[in-house]
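I am opening a notebook on a structure that is new to me.

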Amino acid sequence: MNDIPLYNSSVIKTFLEYLEKNHPTIDMDSILSYAGMAIYEVEDEGHWFSQRQVDDFYEILAQETGSPSIARDVGRYAAFSQASGALRQYALGFMTPATAYNMLEKFASNLTRATTFKTKRLGSNKVEITVTPRPGVKEKPYQCDNRLGLLESVAKVFTNKFASVEHPECLHNGATVGRYIISWERSHSLTWRLLRNYFMISCVLALVPLFFILPVPSWVVLTSICSVLAIGLCFYSTHLEKKELTETIETQGDAAKHLLEEMNIRYNNALLIQEIGQATSTMLDIDELLNAVTGVMEKRLDFDRGMIMLANKTKTRLLYGAGYGYDAGQESLLRQTELHLDSPE
C-alpha cells in the first residue's frame with residue numbers, strides 16, 4: 001500500500017501554502033524533490049500521492065521547520081487556506097457547524113482514499129467522528145495530528161474559535177478505529193435566540209396563572225414589562241444573527257472570487273494549449289510559428305514578458321527564437337546572446 005495513490009494533492013498544497021506564509025525561507029522545491037513530488041502534480045487537483053511520498057514529505061518538513069506540531073498547525077490552518085477553499089465553501093453552504101461536520105464524511109473522500117469517515121450527531125453542538133482505515137493502510141501519528149487540527153478548524157469557520165476535540169480511541173494506541181468527539185461553543189446569536197425563546201415561553205406560562213391571582217392593573221403592567229423585554233431580546237438576537245450572516249456572506253464572496261479566478265486561469269490554460277496546437281498544425285514556417293506561439297503566450301499567460309529559445313543543430317547552444325515584452329534594444333541583445341548547453345558555467 002505504500003506506493004498506491006491515497007492522498008489528494010490539495011493536502012500537500014495546504015502544507016506548502018502554510019509554509020509560504022509562516023516559513024518563507026524554506027526551500028519548497030527541495031522538499032518536494034526529496035518526497036518525489038513535482039510542483040505541477042501538487043497544483044493538479046486530480047493528482048494523488050502515495051503513503052511513501054507523504055511520509056517522506058513530512059520527514060523532511062519536520063526537519064526543516066524544527067516544529068513537532070507542524071502537522072496539527074497545518075490542519076488548523078486548512079479550513080482557511082486557498083487550497084481547501086472548496087472545503088470552506090462547502091461547510092459555509094450548510095451555515096451551521098453541526099451540519100458541516102455531518103457532511104464531512106462525504107467530503108473526506110475528496111481528500112483521502114486511506115480512510116473512511118462516519119459522523120454521529122450527539123447534540124446541537126457536539127458530534128462524534130469515527131475514522132476507519134482501509135485494509136492494508138497504515139497511517140502515521142502525524143496524520144492523526146493533522147486530522148485533529150482539521151477537525152478543530154471546521155468550527156472556527158463559524159464561531160471564530162477552535163472546536164474542542166476529545167480523542168478517546170486512537171489508531172496508534174492499538175484501537176481498530178480512530179474516534180473523535182467534537183464540541184464547539186454556540187454562536188452569540190444562537191445563545192440569545194435560545195434565551196429569547198425560553199424567556200417568552202416562561203412569560204406565557206407565568207402570566208396565564210397570574211391573570212387569576214394578580215389585580216388586573218398589576219397584571220397589565222407585568223405583561224407590558226415582559227413584552228418590552230421580549231421585543232428587546234428579539235431585536236438584539238436578530239441583530240446578532242444578521243451580523244453573523246453578513247460576515248458569512250462576505251466570506252463566501254471571498255471564496256467565490258478565488259474559485260472564479262481559478263476558473264479563469266484554467267480556461268486560459270485550455271485556450272493556450274488549443275491555440276498553440278492549432279498554430280503548430282497549420283504553420284510550416286518556423287519564424288511564423290514562433291511568433292504565433294509567443295503571441296498566444298502574451299495573450300493567455302499572466303506574464304509581462306516571455307521568450308522561446310531553440311537549440312542549434314549541434315545542440316550545444318540555445319538561441320533566441322521569438323519573444324514578447326522586450327523593447328528593440330533588449331530584443332537585439334537577446335538575439336546576440338547564446339546560452340551554452342555543453343558548458344553551462
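Which residue stands opposite Leu319 in β9? I looked it up and found Glu338. I note at the start that this is a predicted model.

**Entry 1: the strands around β8**

I began with the partners of β8. Strand β9 covers residues 338-340. Three bridges join β9 to β8, and the two run antiparallel. I then turned to β7, residues 306-311, and its pairing with β8, residues 317-324. That pairing is antiparallel too, and I read six bridges for it. One facing pair I noted is Ala311 with Leu318 of β8. I also recalled a general point: side chains in a regular strand alternate between the two faces of the sheet.

**Entry 2: the turn**

What do β7 and β8 form together? They form a hairpin, and five residues lie between the two strands. I stopped at Lys315, which is found in the loop between β7 and β8. Its phi is positive, about 60°, although Lys315 is not a glycine. I wrote down the background: most residues other than glycine have a negative phi. Is Lys315 buried or exposed? Its relative accessibility is 65%, and exposed means over 50%, so Lys315 counts as exposed.

**Entry 3: Gly178**

Next I went to strand β6, residues 178-183, where Gly178 lies. Gly178 has 1% relative accessibility, so I list it as buried. Which residues is it in contact with, leaving aside neighbours within four places in sequence? I found Ile129, Thr130, Val131, His167, Glu169 and Leu171. I also checked Pro133. Gly178 and Pro133 are 45 residues apart in sequence. In space they are 8.6 Å apart, C-alpha to C-alpha.

**Entry 4: Asp55**

Asp55 has its place in helix α4. Why does Asp55 count as buried? Its relative accessibility is 16%, and the cut-off for buried is under 20%, so Asp55 falls in that class. Its side chain makes a polar contact with the side chain of Gln51, at 2.9 Å. Leaving aside neighbours within four places in sequence, I found Asp55 in contact with Lys140 and Tyr142.

**Entry 5: the cavities**

Last, I looked for empty space. Rolling a probe the size of a water molecule over the atoms shows where such space is left. How many cavities of 30 Å³ or more does the structure hold? I noted two. The largest cavity has about 450 Å³ of space. It is lined by 27 residues, and the closest to its centre are Val11, Leu111, Asn146, Arg147 and Leu150. I sorted the lining by type: 17 residues are nonpolar, eight are polar and two are charged. Which elements each supply at least two residues of this lining? My list reads α1 (9-22), α4 (51-65), α5 (70-78), β3 (115-123) and α8 (141-159). Helix α4 is also where I had placed Asp55.

Key:
Residues numbered from 1 in each chain as written. Predicted model: local features only at pLDDT ≥ 70, side-chain atom pairs only at ≥ 80, totals over all residues. Heavy atoms only, no water. 1 Å grid on protein atoms, 1.4 Å probe; cavity = no way out; pocket = protein on both sides within 12 Å on 5 of 7 lines; lining within 4 Å. Points joined across faces, edges and corners; volume = space filled by probe spheres on them. Helix = DSSP H or I, 4+ residues; strand = E, 2+ residues; numbered from the N terminus. Nonpolar A, V, L, I, M, F, W, Y, C, P; charged D, E, K, R; others polar. Pairing = 2+ DSSP bridges. Buried < 20%, exposed > 50% of the residue type's maximum accessible area, 1.4 Å probe, protein only. Polar contact = N/O pair within 3.5 Å; in protein donor to acceptor, adjacent residues only side chain to side chain. Contact = heavy atoms within 4.5 Å.
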